[in-house]
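This report describes selected local features of one protein model. The sequence and the structure are shown first, and the description follows.

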Amino acid sequence: MSATPHTTSHTGSPTISHTTPHLTVEELFDSPARISASISPDGTRIAYLAPWRDRLNVWVESVDSDEQARCVTADDNRSVHEYHWTDDPRWLLYKQDGDGDENWHLFRVDLEDPGAEAVDLTPYPGTRVEGLELPVTRPGKALLYLNRRNPAEFDLHELDVATGELTVLAQNPGTVAGWLSAPEGRLFAHTTTADGTIELARWDGEAGTPRTVMEFDGSDYPIGVHPFQLTPDGSAVWIGSNRGTDRTRLVRVDLATGEETEVDSHPVLDLDTRSAVFPTLPSPLIRDRRTGELLGVRYLGERQVIRPLDPHFAEVLENLSKLSDGDLAGVSSDGSGRRWIAGFTHDRDPGATYYYDHTTGESRLLFRPYPHLDPEALAPMTPVTITARDGLDLPSYLTLPLGAEPAGPPMVLLAHGGPWARDSWGFNPLAQLLANRGYAVLQVNFRGSTGYGKAHLKAGIGELAGKMHDDLIDAVDWAVGKGYADRDRIAVFGGSYGGYAALVGVTFTPDVFAAAIDCFGISDLANFLRTVPEFAKPHLAPNWHLYAGDPDDPEQEADLLERSPISHVDRIRTPLMVIQGANDVRVVQAESDRIVDALRARGVPVEYMVKDNEGHGFVNPENTLDMYRAADRFLARHLGGPRPETTD
């Protein structure tokens, strides 16, 4: 990192300390040196992701010896982001799609044969693997959902990991969102009914009929909670529930009676449910690798809280917590619970990963994913609470440039996706890039965000381009009033729903923002809901149809169009950048094309970047770097940041 001085003035460039090192886009967004480590079930090896031919692949190294690490996958087209140890340390599984099309295939790696190529266990064109589970009660087996028979329907399969044999256990009648298979072979299905009710039912395979065990009113179901994890004995399921409460707690539902019993709760926090949206994030349930029993439960507020439920894990957790002042992220142990690998979330020391032996007390730092980043050169992310105009509290995060007192700098409002997701504390490379350039950065958990109770979530019903957007504007007003932002130099930047929020910002409130960046955002809500993948359509009732509307209802379609930026594109006069993956199956390219075409037809300049080998979010490093270099230059031009020739 080279130290680059920047001139300062309130009306010109942002205020940046002369001693703040200039961070390049490559330093913040290029592939990590290592990431996502976990230990094998026998405790002898560690797997992790690291670059090979400029793509993240799976590497394996010994815990005890100096044996050289070796790359065990060989994907030079697209980075691997998800892998799994099996109960047999010979086999490792990973998922990969094709250029962002989200048709995930499951691959097997033989760690005892270094020369063998990975085997595609689901080599069926146009199919997608979901719900991969490696139950402790089925050694050598995996359970997965596969839509090979019908793209809109996921059937339950059992996989023999060693042979690759797939056996259909249950055929989806068209309404099942997920399956459970108890140890003795009983099957259960969770479904979404036409009115949005969530049902868990015993499945009679021969008759093809369900017997309801329990129901959730869809409007009262905690959106985003990874549902229905079987207890080890198969007699019950653990789920997140907010029935009768505002907060989401962990409950046990008896599969014979449907009786719901609380297992654990936090007095003020919700379960940490982010893994339901981002599967590579840790589950809220920390389970014993060998037995499947509960060890601990994650909750999330401004920071994470883990409540241990097992005495042994409580001792482990206490010692792991001494290794970092961050939040415990990915954690794994061998089958005995002796050897552990733990990574930590941190705003300025991202992903530091440690080895810990609970028997000897030995611990050592394995790696930092970004060893070139000096924590002292990164800006702290500070939790703040903003009050909306109707009195609702909006939990938010503020990142300010290092070495500068708030004096009305330019600001970038980062709008999160989902919208049933949330921003949280930790390393955010985009926030760091922006703060390094002298911008204040504000992330707002507007109403409709998950993780802040049922009332906060349900306050978003019917409020797309309404109160959900008002919350963002109220946050801007708060930042200006506190001196954190210059009223005339504010940008909005978001992806997916956040891209929609950016487009709403420049159509519904065109005078607020000096620049906007929309990444694969929704421009036409009705078209978006008609073009979501077929397998998602049966399950829209308790989320998109409830919160936004059903385009098959003419009255609701009219309301959806009124809340769509494409219907108000003539109001756009804010400098706009649009970014899109051509293979996006969630927000199809037409959503971006229409906005861009409409503006160009009016002679309004708009920057448009399309990557042909990406989907809903960029994965390939060269594309990610292109995107953020372009965004850096765009914001510099329109917010008065560092001159384009000094950016990357």
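In which strand is the place of D327? D327 is placed in strand β27.

## Basis of the description

The model is predicted: local features need pLDDT of at least 70, side-chain atom pairs count only at pLDDT 80 or more, and totals for chains, interfaces and linings use all residues. Residues are numbered from 1 along each chain as its sequence is written, and side-chain values use heavy atoms, with hydrogens and water left out.

Helices (H or I, at least four residues) and strands (E, at least two) are DSSP runs, numbered from the N terminus. Two strands are taken to pair if DSSP finds at least two bridges between them. Buried means under 20% relative accessible area, exposed over 50%, and partly exposed in between, with a 1.4 Å probe and protein chains only.

Strand β27 comprises residues 327-333 and pairs with β28 in the antiparallel sense over five bridges. Within this pairing, L328 stands opposite F344 of β28. The two strands form a hairpin with five residues between them. In the turn, G337 has a positive phi of about 75 degrees.

Strand β28 (residues 339-345) is largely enclosed by the rest of the structure, because six of its seven residues are buried. β28 also runs antiparallel to strand β29 (residues 353-357), to which five bridges join it. In that pairing, the bridge partner of G343 is T353 in β29.

## Buried aspartates and their polar contacts

A polar contact is a pair of N or O atoms within 3.5 Å; within protein, one must be able to donate a hydrogen and the other to accept it, and residues adjacent in sequence count only if both atoms are side-chain atoms. D327, in strand β27, counts as buried because its relative accessibility is 9%. Its side chain makes a polar contact of 3.0 Å with the side chain of R303.

D524 lies in the loop between β36 (515-519) and α7 (525-531). With a relative accessible area of 6%, D524 is buried. The side chain of D524 has two described partners. A polar atom of this side chain lies 3.0 Å from the backbone nitrogen of A526, and a polar contact of 2.7 Å joins the side chains of D524 and R594.

## The sheet β7-β8-β9-β10

Four strands form an open sheet in the order β7-β8-β9-β10, with antiparallel pairing. The edge strands, each pairing on one side only, are β7 (82-85) and β10 (119-120). Strand β9 (residues 105-110) pairs with β10 over two bridges in the antiparallel sense, and F107 stands opposite D120 in β10.

E102 lies in the loop between β8 (91-96) and β9. The phi of E102 is near 65 degrees, a positive value in a residue other than glycine. E102 counts as buried, at 9% relative accessibility.

## Other backbone features

D54 likewise has a phi near 65 degrees, positive in a residue other than glycine. D54 is placed in the loop between β4 (45-52) and β5 (55-62). At 41% relative accessibility, D54 is partly exposed.

A cis peptide bond, with omega of about 0 degrees, joins G418 and P419. P419 is found in the loop between β33 (411-415) and α3 (429-436).

## Surface patch and cysteines

V277, F278 and L281 make a nonpolar surface patch of about 230 Å². Patches are made of residues with over 30% relative accessible area and no salt bridge; like charges are joined within 9 Å and nonpolar side chains (Val, Leu, Ile, Met, Phe, Trp, Tyr) within 5 Å. A salt bridge is a side-chain nitrogen of Lys or Arg within 4 Å of a carboxyl oxygen of Asp or Glu. Accessible areas come from the Shrake-Rupley method with a 1.4 Å probe; for residues, only the protein chains shown count as cover. L281 is located in the loop between β23 (270-271) and β24 (285-287) and counts as partly exposed at 32% relative accessibility.

The structure holds zero disulfides, a disulfide being a pair of cysteine sulfur atoms within 2.5 Å. C71 is partly exposed at 24% relative accessibility, whereas C519 is buried with a relative accessible area of 5%.

## A contact across the sequence

P621 lies in helix α11 (residues 621-639) and counts as buried at 4% relative accessibility. P621 and R78 are 543 residues apart in sequence, and their C-alpha atoms are 9.2 Å apart in space.
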